[in-house]
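Work through the following exercises with the sequence and the structure open. Try each task before reading its solution.

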Amino acid sequence: MTRLIHQVLMYDNEKDILDTVVPFLQEGLSAGEAVLTVGTAPNLSCLRQALGADSDAVEFADSASWYVQPTRTIANYSSFIAENATARVRVVAEPGWETGTPAQIAEWTRYESIINEAFADISASVLCLYDRRTTHRGLLDGALRTHPQIVEGTCPRCNDAYLDPASVGAHVDRDPLPPPPPGAVRLPIDDDDLSTLRSFLAGHARHHGMSRPRVNDLLVATTEVATNAIRHGRHPIGCQLWREDDDLIVEVTDAGHWQPDPVPGFVPPDPASLSGFGLWGVRMLCALVQLRTGPAGTIVRLHAPCR
């Protein structure tokens with residue numbers, strides 16, 4: 001049975017969507033597949049109307065709640081696949097984000113690439129939609145690098161611009177993270193007792209108006225990263241913290257260098273496994289996690305909304 005088919009449609013108007021997506025969905029329904037459509041509210045309404053009675057057999061989800069951040073999105077799709085384990089899966093996916101900071105654009109590009117590896121053995125057909133009129137050029141370029149097939153009308157073809165996940169990951173991580181600002185506050189991490197670190201974080205997070213639940217999430221995520229640095233990294237180990245727009249940024253650094261997994265922490269771990277929950281859990285708790293590792297050491301930078 002054919003495994004993952006990952007395609008992209010870059011559309012210019014509603015007609016482009018109807019001409020391509022409706023036959024794609026109907027093909028899946030006719031084959032008895034489990035069919036999911038994730039999209040913006042206007043496009044979901046348009047597709048429901050075009051499908052008529054067939055829409056009752058399609059699961060619909062709003063992209064605004066589905067595409068909050070990459071790790072949660074992968075978890076959403078993993079849940080849908082698990083719920084339909086006996087059927088081939090067919091998905092129409094419109095991310096809904098049209099712009100973002102350079103870091104956000106890079107991580108969503110990485111997400112699209114990771115799909116090819118994380119779900120490589122899943123029996124699924126996935127068609128991703130991008131509005132060419134309104135989507136940031138960086139996201140469109142990323143979509144071209146991360147989908148093995150591109151669709152024009154109802155005809156898919158091989159995408160010559162496609163790059164394998166390892167190449168995309170290397171491209172995303174090739175530039176160093178910008179240095180912390182002069183006003184960043186720093187705390188050295190000298191031993192396994194992280195109570196001082198937690199007090200340091202909680203005090204600054206509350207000062208910046210972070211709610212108690214988000215403070216708790218940030219403490220859990222940072223403790224996990226710091227524990228990993230203590231166990232697997234090298235001294236000196238430290239934590240820096242600063243405000244960036246509406247986010248509180250927490251950075252944990254150590255002098256160790258390690259070779260991360262190709263999809264570090266993006267895929268839900270096997271429930272039977274006794275390890276591997278750490279970085280995935282950190283990503284689930286933070287809006288964005290950036291990781292750099294090299295001869296000079298390892299940096300893990302966590303972004304947490306203050307509001």
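**Exercise 1: a helix and its neighbours**

The buried residues of helix H6 pack against strand E1 (5-11), helix H5 (102-118), strand E5 (124-131) and helix H7 (165-172). The model is a predicted one.

Task: State which residues of helix H6 (residues 137-146) are buried, and explain why they line one face of the helix.

Solution. Begin with the list: Leu139, Leu140, Gly142, Ala143 and Thr146 are the buried residues of H6. Next, look down the axis of H6: these buried residues fall within an arc of 160°, so they line one face of the helix.

**Exercise 2: an open sheet**

Task: Give the order of the five strands in the open sheet and find its edge strands.

Solution. Read across the sheet: the order is E8-E9-E10-E12-E11, with antiparallel pairing. Strand E8 (185-188) and strand E11 (288-294) each pair on one side only, which makes them the edge strands. From one strand to the next, the twist averages 15°.

**Exercise 3: cysteines**

Task: Count the disulfides, using a cut-off of 2.5 Å between cysteine sulfur atoms.

Solution. Start with Cys46, which is buried at a relative accessible area of 11%. Its closest cysteine sulfur, in Cys128, is 18 Å away, too far for a bond. For Cys155, the closest cysteine sulfur is in Cys158, at 13 Å, also too far for a bond. The count comes to zero disulfides.

Conventions
Residues are numbered from 1 along each chain as its sequence is written. This is a predicted model: local features need pLDDT of at least 70, side-chain atom pairs count only at pLDDT 80 or more; totals for chains, interfaces and linings use all residues. Side-chain values use heavy atoms; hydrogens and water are left out. Two strands pair if DSSP finds at least two bridges between them. Helices (H or I, at least four residues) and strands (E, at least two) are DSSP runs, numbered from the N terminus. Axes are lines fitted to C-alpha atoms, for helices over the stretch in contact, and angles run from 0 to 180 degrees between N-to-C directions. Buried means under 20% relative accessible area, exposed over 50%, partly exposed in between (1.4 Å probe, protein chains only). The arc is that of the directions from the helix axis to the C-beta atoms. Contact means heavy atoms within 4.5 Å.
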